[in-house]
Amino acid sequence: MIQFIAFSDMLCPYDASAAENIPPAFEAKIKSICGAASNCRFIATLGNTVDGKADAEKSACLLNNILNAFDRTASIHALRGVCESVIPKDEFMRIAEYTMRYRAFDVSDYRCIFLDAVSDDNGGFYIDDEQFGWISRLLGKSHRPAIIFTTIPLAVSLEESSVQTIKNADELCSLIEKSNKVALVVQGAGSSPTHFISHGVPYITLSAMSASDDVSFSLISVSSKGVSVNGFSAQESYEISNVFTRNKESFWEKVKYFFKKH
């Protein structure tokens, strides 16, 4: 099992008069999230952590201060949202400690994959060919169930049909669902919290924290039996029963994996 915290669209403004430039109300939100993270493996912010209304230098400084505040409690992993576009990509990567625009790392028995959906500088949301090839290879050779994080939804429920999704979402969803290796997709930028299963893959969309004065986030647990979401404020709590077996590889894939490990 793996347990982590995820939230989206904090939209923290730059406050020149506040400590670390973080307004007191947002400092309280950060402390609230950190208080719930004691047994979590990491914290994920799915983009638009800062509101991007300050210039590039101030926005970068604010983002760095926010991530450092979280990192004192649990490792923090950040996605680049539209509001962070004011920060140059290289600078965002440096602050978020990325060596690439997207990343993957293993925690417990799971592989966590963070996608860069804001890779189209023309203002669209797109998984470029380089990144698409990377995740295709990653899922192809993975022997761990994957959890995918994206700031822009790949798939939405019928109730959320008006929400903008990634341009080539259909192709990526097809890859994800056919791989039989994805235990969960966590999505930001939703107008309301929703969840559904498509072709055996659970998709959950987080509500924007900025939609409420309270701190909205989700404490998420993923196991072979399904997904448990403990929601705070605007986030609802629910269970998704979706049996996922990590050993979905063929017999010969298991044999090759055994000899590789030994």
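**Exercise 1. Determine which residue of β12 is the bridge partner of V229, and describe the pairing around this bridge.**

Solution. Step 1: the bridge partner of V229 in β12 is Y238. Strands here are DSSP runs of E with at least two residues, helices are runs of H or I with at least four residues, and both are numbered from the N terminus. The model is predicted, so local features need pLDDT of at least 70 and side-chain atom pairs count only at pLDDT 80 or more, whereas totals for chains, interfaces and linings use all residues. Residues are numbered from 1 along each chain as its sequence is written, and side-chain values use heavy atoms, with hydrogens and water left out.

Step 1: strand β11 (residues 226-232) pairs with β12 in the antiparallel sense over four bridges; two strands pair if DSSP finds at least two bridges between them.

Step 2: β12 (residues 238-241) has Y238 and I240 on its covered face and E239 and S241 on its uncovered face.

Step 3: five residues separate the strands in the hairpin of β11 and β12. In this loop lies S233, a residue other than glycine with a positive phi near 60°. S233 counts as partly exposed because its relative accessibility is 41% (buried means under 20% relative accessible area, exposed over 50%, partly exposed in between, with a 1.4 Å probe and protein chains only).

**Exercise 2. Which residues of α3 are buried, and where do they pack?**

Solution. Step 1: in α3 (residues 89-96), the buried residues are F92, M93, I95 and A96.

Step 1: these residues cover an arc of only 165° around the axis, which puts them on the same side of α3. The arc is that of the directions from the helix axis to the C-beta atoms.

Step 2: the buried residues of α3 pack against α2 (56-71), β3 (76-78) and β4 (103-107).

Step 3: D90 and R94 are exposed on the face of α3 turned away from its buried side. After α3 comes E97, with a positive phi near 60°.

**Exercise 3. How many disulfides does the whole structure contain?**

Solution. Step 1: a disulfide is a covalent bond between the sulfur atoms of two cysteines. The criterion is a pair of cysteine sulfur atoms within 2.5 Å.

Step 1: a search of the whole structure finds zero disulfides.

Step 2: C34 is buried, with a relative accessible area of 12%, whereas C61 is partly exposed at 33%.

Terms used. Contact means heavy atoms within 4.5 Å.
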